[in-house]
Amino acid sequence: PAMSGSQPAVGVLALQGAFAEHVAMLKKLGVNAFEIRNPLELTKADGLVIPGGESSTISLVAEEWKLIEPLKKWVSESRPVFGTCAGMIFLSKDAKNQKKNGQKLLGELDIVVDRNHFGRQKFSFEGEVTCSIDNKKHSGIFIRAPGILEVNGSTEILGTIEHEQNKAMPVAVRQGCMLATSFHPELTEDPIWHEYFLSMIKEFKGKKSPRDSSSSAAASASVIEL
């Protein structure tokens, strides 16, 4: 298991997309991983994964299932969240080349992304991601992947790839308790990104005081009423 002692509960937003693969990867790491489809299930999680898929569909279904406000509350409270591919778009402050009428963004991650930056499905590829977590290269699977055009504020770049003229294009970033990748780490056998996210959850839980947990319980109760 990635973490000793009490294992975190990690919820994977299961509105559509590659949620089963994330659950499987987390379970391999000995974590209590489960699917989230409503606000009540969200309150049971220590960390949240927003998987890849079709970004505009994710926000539409989240709206339909009354999850937009609870998700906004989650990220605004700086609770641990890991967005991959479309999940990264959903977390971002600004997305270029959106579909007509755009989509609702959670708007907390201070990056500008370009939807389908690497082209449509036929341009999907496996690339070498230079990762600053362990200073090694790791395989990344890019499927109609968004590109990161700007990294702002306190956002830190954790992974880059060589793409066309750009020798170090950002494809993985962290800002506080938010982790995001352009690629699909759950489609490889390599657990580095999930292990890193678990370390972020452990860090977050370590910082919480008894007072914080009582206020988060009250916040959870108010979310359920939505």
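Let me start with the rings: Phe-125, Phe-142, Phe-183 and Trp-193 form one aromatic cluster. By a ring pair I mean Phe, Tyr or Trp rings (for Trp, the six-membered ring) with centres within 6.5 Å, called stacked if the planes are under 30 degrees apart, edge-to-face if over 60, and tilted for the rest.

Before I go on, a word on what we are looking at. This is a predicted model, where local features need pLDDT of at least 70 and side-chain atom pairs count only at pLDDT 80 or more, while totals for chains, interfaces and linings use all residues. Residues are numbered from 1 along each chain as its sequence is written, and side-chain values use heavy atoms, with hydrogens and water left out.

Back to the rings. Searching the whole structure turns up four aromatic pairs. In one of them, Phe-142 and Phe-183, the ring centres are 5.5 Å apart and the planes meet at 55°, so this pair is tilted. Phe-142 belongs to strand β8 (residues 136-142) and Phe-183 to the loop between β12 and α6 (192-207), so the pair ties together parts that are 41 residues apart in sequence. Helices and strands here are DSSP runs, numbered from the N terminus: H or I of at least four residues for helices, E of at least two for strands.

Phe-183 also has a partner in Trp-193, and that aromatic pair is edge-to-face, with 5.6 Å from centre to centre and 65° between the planes. Trp-193 sits in helix α6, so this pair ties the helix to the loop between β12 and α6, parts that are 10 residues apart in sequence. Are Phe-183 and Trp-193 buried or exposed? Both are buried, where buried means under 20% relative accessible area, exposed over 50%, and partly exposed in between, using a 1.4 Å probe and protein chains only. Phe-142 counts as buried too, at 1% relative accessibility.

Now let's step back to the whole protein. It has seven helices and 12 strands, and 52% of its 226 residues count as buried. Contact means heavy atoms within 4.5 Å. Among contacts with a separation of 6 or more, 64% are between residues 24 or more positions apart.

On to the inside. In soluble globular proteins, nonpolar side chains tend to be buried together.

What does Leu-13 touch, if we leave aside its neighbours within four places in sequence? Its contacts include Phe-19, Ile-36, Leu-48, Ile-58 and Leu-71.

Leu-71 brings us to α4, where Ile-68, Pro-70, Leu-71, Trp-74 and Val-75 are buried. Looking down the axis of α4, the buried residues fall within an arc of 165° (taken from the directions from the helix axis to the C-beta atoms), so they line one face of the helix. Trp-74 has another feature: the charged end of Arg-79 sits over its ring, 4.6 Å from the centre. To count, NZ of Lys or CZ of Arg must be within 6 Å of the ring centre and within 35 degrees of the ring normal.

In the loop between α3 and α4 we find Trp-65. Trp-65 is partly exposed, at 31% relative accessible area. Not counting residues up to four places away in sequence, Trp-65 touches Ala-14, Leu-15, Arg-37 and Pro-39. Trp-65 and Leu-15 are 50 residues apart along the chain, yet their C-alpha atoms are separated by 8.9 Å.

Last stop: the backbone. Most residues other than glycine have a negative phi, and most peptide bonds are trans. Just after α4, though, Ser-78 takes a positive phi of about 60°. Asn-135, in the loop between β7 (125-131) and β8, has a positive phi of about 55° and counts as exposed at 67% relative accessibility. Glu-164 has a positive phi near 50°; its place is in the loop between β10 (156-163) and β11 (166-175).
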